[in-house]
Amino acid sequence: MTSDLRSIAGRTALVTGAASGIGRATARLFAGEGARVAVVDLDAGEIDIVVSGIDEAGGTASGYVLDVSDPDAIEGVVEQIVADLGPIDILINNAGRGGGASIDSPEFEDVWSAAFAVNLTAQARLVRAALPHLERNRDGRVVNIASTEGLGATPGMAAYTASKHGVIGLTKSLAVELGSRGVNVNCICPGPINTGMTSAIREDHKAIFARRRVPLARYGEPEELAHGVLHLALPASSYINGAVLRVDGGMLAKNA
Ligand code: NAD
């Protein structure tokens, strides 16, 4: 296996939710590895900061404001990315939102709809929009970000948990459907990671949780997730398809 198969240099990668946390770390890592990166997010100001940082570090990135739950906007943004950076080789479906609401709470319906729109339906739509590009060289890569909530459950999180179980189902379905068309589809289940999504949790509460539940006894950092994403995006990972990779410090391996 030659070293260029262990490189994403020259490839075009679309990363959603790339203005913060895991997506931002992935965008920076991919650009550092020589990929052309489309930084896609809701947050225009943070997108600019990420793109400027990549430019200053000598990488190539462009920013795109997109609400991934807006079905009318996705195709136009994908077309613009292709015009700016070239056909998409790698799609990282990372944008996500929480979905905490107990089943009998008044806000449950709204939380459920929003969680499914952003965490699950958008992933399918982005694959549909990027598919002609992903399959053109028979070495496309899709990495969907699920969660350990895709494999187990926490009380009061039905919307988030069900949507993340759906991400695993979507990943397996598309791996089976698209494998013969030259597109490998895999997903990652992060455990507890220090990002925007967990920033409201008190540090002492994080530490107690991590000591009790995580064999590595700490939260993970977004960069540690990004390296897992990179692994699945490499040309060398050509026989990994339909995989569900836990990056959780061993959390779900632990019984007691
Ligand atoms: P984060 O809040 O730091 O980043 C999420 C990013 O997604 C933000 O920049 C936000 O603006 C963007 N986003 C949200 N809704 C969007 C939309 N509709 N359109 C476009 N962009 C949107 O959180 P994070 O932890 O980096 O989350 C990344 C992914 O990791 C999510 O799918 C999340 O569910 C998953 N995850 C996170 C953890 C964790 O502990 N942090 C654990 C398991 C899974």
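Colleague: Which residue stands opposite Ile188 in E7?

Modeller: Leu245 in E7 stands opposite Ile188. Strands (E, at least two residues) and helices (H or I, at least four) are DSSP runs, numbered from the N terminus. This is a predicted model, in which local features need pLDDT of at least 70, side-chain atom pairs count only at pLDDT 80 or more, and totals for chains, interfaces and linings use all residues. Residues are numbered from 1 along each chain as its sequence is written, and side-chain values use heavy atoms, with hydrogens and water left out.

Colleague: How many bridges join strand E6 to E7?

Modeller: In general, strands of a sheet pair through backbone hydrogen bonds, either parallel or antiparallel. Two strands are paired if DSSP finds at least two bridges between them. Here, E6 (residues 183-190) and E7 run parallel and are joined by four bridges.

Colleague: In what order do the seven strands form the open sheet?

Modeller: The order is E3-E2-E1-E4-E5-E6-E7, with parallel pairing. Strand E3 (60-65) and strand E7 (244-247) are the edge strands, each pairing on one side only. From one strand to the next, the twist averages 20 degrees.

Colleague: Are the residues of E5 buried or exposed?

Modeller: Buried means under 20% relative accessible area, exposed over 50%, and partly exposed in between (1.4 Å probe, protein chains only). E5 is mostly covered, with six of its six residues buried. Gly140, Val142 and Asn144 point one way from E5, while Arg141, Val143 and Ile145 point the other way. In E4, Ile90 and Ile92 point one way and Leu91 and Asn93 the other, and all are buried.

Colleague: Which strands does helix H4 lie across?

Modeller: Helix H4 (residues 108-134) lies across strand E1 (12-16), strand E4 (90-93), strand E5 (140-145) and E6. Axes are lines fitted to C-alpha atoms, for helices over the stretch in contact, and angles run from 0 to 180 degrees between N-to-C directions. H4 runs at about 175 degrees to E4. Helix H5 (residues 158-178) lies across E5, E6 and E7, at about 160 degrees to E6.

Colleague: At what angle do the axes of H1 and H7 cross?

Modeller: The axes of helix H1 (residues 21-32) and helix H7 (residues 222-233) come within 8 Å and cross at roughly 55 degrees. That angle makes H1 oblique to H7. Angles under 35 degrees count as roughly parallel, over 145 as roughly antiparallel, 65 to 115 as roughly perpendicular, and the rest as oblique.

Colleague: Which residues of H1 meet H7?

Modeller: Contact means heavy atoms within 4.5 Å. Gly21, Ile22, Ala25, Thr26, Leu29 and Phe30 in H1 meet H7 residues including Pro222, Leu225, His227 and Leu230.

Colleague: Is Ala31 buried or exposed?

Modeller: Ala31, in helix H1, is buried, with a relative accessible area of 8%. Apart from neighbours within four places in sequence, Ala31 is in contact with Val37, Ile54, Gly59 and Thr60. The C-alpha atoms of Ala31 and Ala9 are separated by 8.3 Å, although these residues are 22 residues apart along the chain.
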